[in-house]
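Trainee: I would like to learn how to read helix packing in a model. Where do we start?

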Amino acid sequence: MTFIKTLKLAILGAITAAGLTVAATAQTFIIDNERVEKDAAAYKDFNLQTTDLRQNILQLRQYISRGGAAEQQMAELEKQKAIIGNDKYEEEKKKIEQTYVAAQQNLQAYEYLFDQVRQEALVQVERARQPVIRQILKDRKAQLILPKRLVMGSAPGLDVTTEFIELLDAELPSVTLTKLPPKQAPTTTPAPAQQ
């Protein structure tokens, strides 16, 4: 190797070693995002505001799923086919199929609405989160905050989740969900077809 190449490698090694030394002495903290999502007021508020919507989605999924209410209605109708006659059977079958299609459409609409509302809430949380993170970095004279799931282990005192939740709660105690329709008696599971 030439003298220039050796000098370049030595300088690069020194810079790398200095960078690792600075990184090793930098104060790093962790936040347990799962606990934040469970305990922070904004997340609790979101869950409270979307309870009916999530319940409707669950009921519709159960109705249209394999082995769900729609499939059970069809099986029951099949059993009664000989008793009720072919015309009545076809009429009832068509009602169940129409109800099933309507349930699929409702489910799709509710899931889309839920995604929109969730995105709206996440934007608000993220806007409140950044100043809180900056505040903790400043107060603790730290350079880095990592999600707990990325850390294999840490010394006691590096988890700032509780402080983060308290500051986030002060910054954003609730979320405003403008895309969520006002409370009403929404359509849930379609009524079973009359037999």
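Mentor: Start with a cut-off. Angles over 145 degrees between axes count as roughly antiparallel. Keep in mind that this is a predicted model.

Trainee: How are two packed helices described in general?

Mentor: Two packed helices are described by the angle between their axes and the distance between the axes. Now the case here. The axes of α3 and α6 cross at roughly 165° and come within 11 Å. The two helices, α3 and α6, are therefore roughly antiparallel to each other. Their crossing, α3 with α6, is right-handed.

Trainee: Which residues meet between α3 and α6?

Mentor: From α3, take A42, Y43 and F46. From α6, they meet F114, V117, R118, A121, V125 and R129. By class, the contact of α3 with α6 has 7 nonpolar residues, 2 charged and no polar ones.

Trainee: At what angle do the axes of α6 and α7 cross?

Mentor: At roughly 130°, and the axes of α6 and α7 come within 9 Å. That makes α6 oblique to α7. The crossing of α6 and α7 is right-handed.

Trainee: Which residues of α6 and α7 meet?

Mentor: In α6, V125, A128, R129, P131, V132, I133, I136 and R140. In α7, their partners are E163, F164, L167, L168 and E171. The contact of α6 with α7 divides into 9 nonpolar, 4 charged and no polar residues.

Trainee: Now the core. How many residues does the largest nonpolar core have?

Mentor: The general idea is a set of buried residues joined through side-chain atoms. Here the largest nonpolar core has 35 residues. V36, F46, L53, F164, V175 and L177 have the most contacts inside it. At least two core residues come from each of β1 (28-31), α3 (41-49), α4 (51-64), α6 (86-140) and α7 (161-171). The largest share, 12 residues, comes from α6.

Trainee: What does V36 touch?

Mentor: Leave out residues up to four places away in sequence. Then V36 touches I31, Y43, R129, T161, F164, I165 and L168.

Trainee: Where is K141 found, and is K141 buried or exposed?

Mentor: K141 is found in the loop between α6 and β2 (144-147). K141 has a relative accessible area of 66%. The cut-off for exposed is over 50%, so K141 is exposed.

Definitions and conventions. Residues numbered from 1 in each chain as written. Predicted model: local features only at pLDDT ≥ 70, side-chain atom pairs only at ≥ 80, totals over all residues. Heavy atoms only, no water. Core = buried A, V, L, I, M, F, W, Y, C linked by side-chain atoms within 4.5 Å. Buried < 20%, exposed > 50% of the residue type's maximum accessible area, 1.4 Å probe, protein only. Helix = DSSP H or I, 4+ residues; strand = E, 2+ residues; numbered from the N terminus. Contact = heavy atoms within 4.5 Å. Axes fitted to C-alpha atoms, helices over the stretch in contact; angles between N-to-C directions. Parallel < 35°, antiparallel > 145°, perpendicular 65-115°, else oblique. Left-handed = near helix turned anticlockwise from the far one by under 90°. Nonpolar A, V, L, I, M, F, W, Y, C, P; charged D, E, K, R; others polar.
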